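Hi,

Here is the structure I promised to send over. Have a look at it first, and then read on for my notes.

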Amino acid sequence: PHHPIGVATVAPFSMLSLLSASLALAGTVGRDGRLEQPPPSVGRELRELKDNPYVCEEGVETAKEEWKVFGTNLGGWLVLEPWITPSLFYQFLSVDRKFGKEAPAHTGMDTYTFCAALGPKEGNKQLRRHWASWVREEDVRAIAQSGATVVRIPVGDWMYVPYEPYIGCTDGSLEELERALALLRKYGLRALLDVHAMQGSQNGFDNSGQALRVKWTQVSAQDPEAVTTFEHWPQRAADWLAPYDNAKGAYPPEMNKTAYDRSLDVIRKLAERHRGDATVWGVEPVNEPWQMYPTEWIKQFYWDAYHITREAAKDWKFVMHDSFRGYPAEWWGFMKGCPNKAMDSHIYQAWANPMIAKGFFDAACGMAGGLRTMEEQLDMPMIVGEWSLATD
């Protein structure tokens with residue numbers, strides 16, 4: 001059965017207050033299973049970059065503001081994630097027995113392949129049923145009764161700039177979002193609209209709409225029937241802003257301007273559509289862009305998306321994921337003086353090496369220092385938009 005909102009499969013998030021700092025997020029394990037490493041020591045003089053293009057003339061010291069947020073995510077709703085809503089994907093088990101080598105074309109493992117495998121008519125039929133049952137009024141009421149203030153809602157870019165195979169398959173998703181916003185309004189909650197999926201995949205995970213570089217193989221044992229299976233994480237890549245070269249382990253020197261402009265258009269259309277809705281607290285322009293992108297690409301995208309958002313809805317909070325680079329040296333001087341900004345860091349320990357319980361507790365407590373360091377040294381309010389108590 002589908003789980004109601006607020007259970008462990010839907011990650012809560014909160015705002016952390018300013019305190020003295022010591023450690024960065026180095027040593028934590030990101031969702032991609034990589035150990036975060038601190039950058040080389042950088043002198044404090046780099047905080048004041050002489051040629052820093054990312055400065056706002058307002059001169060606002062945002063980290064000194066007193067606001068906090070507390071809430072949850074509507075995960076697995078408008079952007080599918082099999083680990084959150086496995087029942088939607090049970091229908092694809094053992095498709096190799098029916099389709100053999102053609103199994104990949106008939107297997108859904110994310111929103112993209114769900115729509116491609118089922119087609120627009122059947123896919124939309126199933127999605128509409130899922131949308132209606134996954135977010136109900138009683139769920140929103142329970143969230144409000146928990147003391148939450150903001151609900152983070154993952155949305156797909158295809159909702160604002162449609163493309164295949166989502167056309168037809170995801171019809172009605174914007175109306176569903178409007179339904180959820182109306183419910184949040186009724187119960188005194190606000191929404192953080194999180195662009196969780198970008199065309200080409202910003203991180204290669206299924207949560208980006210499309211898992212990239214999935215390698216399908218046929219495994220034969222002594223049984224004459226071959227089993228079609230796949231592997232993903234060892235060769236995962238992300239092609240959102242440019243195609244990643246797995247062999248070289250690098251991106252080309254220049255990003256794809258067409259993809260970049262299209263992504264900004266998504267932010268523009270999102271802001272224009274929802275700017276008159278006081279329920280919307282803010283926007284997160286892209287979820288978890290992976291750390292292999294050149295930092296300058298991510299900064300440029302955030303900077304341009306910020307100004308697009310400010311022009312349409314200047315009072316929205318503009319929330320930026322740290323791109324799995326949660327250390328100050330990566331962000332010195334970025335958006336200095338800019339109002340209504342915040343940075344989002346996602347904390348998971350499920351991909352850490354096995355250890356005794358105390359090790360997990362110590363790691364969790366140590367993460368607070370890194371977040372405080374980011375706030376103090378960068379004047380960047382921090383929220384934890386996703387986190388989990390799972391250790392395996």
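Which residues touch the most other members of the largest nonpolar core? Before I get to that, a word on the source: this is a predicted model, in which local features need pLDDT of at least 70 and side-chain atom pairs count only at pLDDT 80 or more, while totals for chains, interfaces and linings use all residues. Residues are numbered from 1 along each chain as its sequence is written, and side-chain values use heavy atoms, with hydrogens and water left out.

Now the core. W77, I153, V155, L177, Y293, F301 and Y302 touch the most other members, out of 89 residues in that core. By a nonpolar core I mean a set of buried Ala, Val, Leu, Ile, Met, Phe, Trp, Tyr and Cys residues joined through side-chain atoms within 4.5 Å. Buried is under 20% relative accessible area, exposed is over 50%, and partly exposed is in between (1.4 Å probe, protein chains only). Helix α6 supplies the largest share of this core, with nine residues. There is also a second, separate core of eight residues, and W67, V150, L192 and A342 are among them.

Leaving out neighbours within four places in sequence, I153 is in contact (heavy atoms within 4.5 Å) with L74, W77, L78, L177, L181, L184, A191, L192, L193 and D194.

For the overall picture, the chain has seven helices and ten strands. These are DSSP runs numbered from the N terminus: H or I over at least four residues for helices, E over at least two for strands. Of the 392 residues in the chain, 53% are buried. If you take contacts between residues at least 6 apart in sequence, 79% of them join residues at least 24 apart.

Next, a helix pair. How do the axes of α5 and α6 cross? Helix α5 (residues 257–274) and helix α6 (residues 295–312) have axes that come within 9 Å and cross at roughly 25°. So α5 is roughly parallel to α6, given that angles under 35 degrees count as roughly parallel, over 145 as roughly antiparallel, 65 to 115 as roughly perpendicular and the rest as oblique. The axes are lines fitted to C-alpha atoms, for helices over the stretch in contact, and the angles run from 0 to 180 degrees between N-to-C directions. The crossing of α5 and α6 is right-handed, meaning that the near helix is turned clockwise from the far one by less than a right angle.

On the α5 side, the contact is made by Y260, S263, L264, I267, R268 and A271, and on the α6 side by Q300, F301, D304, A305, I308, T309 and A312. Sorted by class, that contact has eight nonpolar, three polar and two charged residues. Here Ala, Val, Leu, Ile, Met, Phe, Trp, Tyr, Cys and Pro count as nonpolar, Asp, Glu, Lys and Arg as charged, and the others, Gly among them, as polar.

K314 sits in the loop between α6 and β8 (317–321). Not counting residues up to four places away in sequence, K314 touches T309 and N340. K314 and R275 are 39 residues apart in sequence, with 9.0 Å between their C-alpha atoms.

A few backbone details to check:

- The peptide bond from E164 to P165 is cis, with omega near 5°; P165 is in the loop between β3 (150–156) and α4 (173–186).
- R213 is not a glycine but has a positive phi, near 65°. R213 is in the loop between β4 (190–197) and β5 (215–219) and is partly exposed, because its relative accessibility is 27%.
- E288, also not a glycine, has a positive phi near 45°. E288 is in the loop between β7 (280–284) and α6 and counts as buried, because its relative accessibility is 0%.

Q291 lies in the loop between β7 and α6 too. With a relative accessible area of 17%, Q291 is buried, and its C-alpha is 8.4 Å from that of N203, 88 residues away in sequence.

Finally, T373 is in helix α7 (residues 357–378) and is buried at 5% relative accessibility. The C-alpha atoms of T373 and G326 are 9.7 Å apart, although 47 residues separate them along the chain.

Cheers
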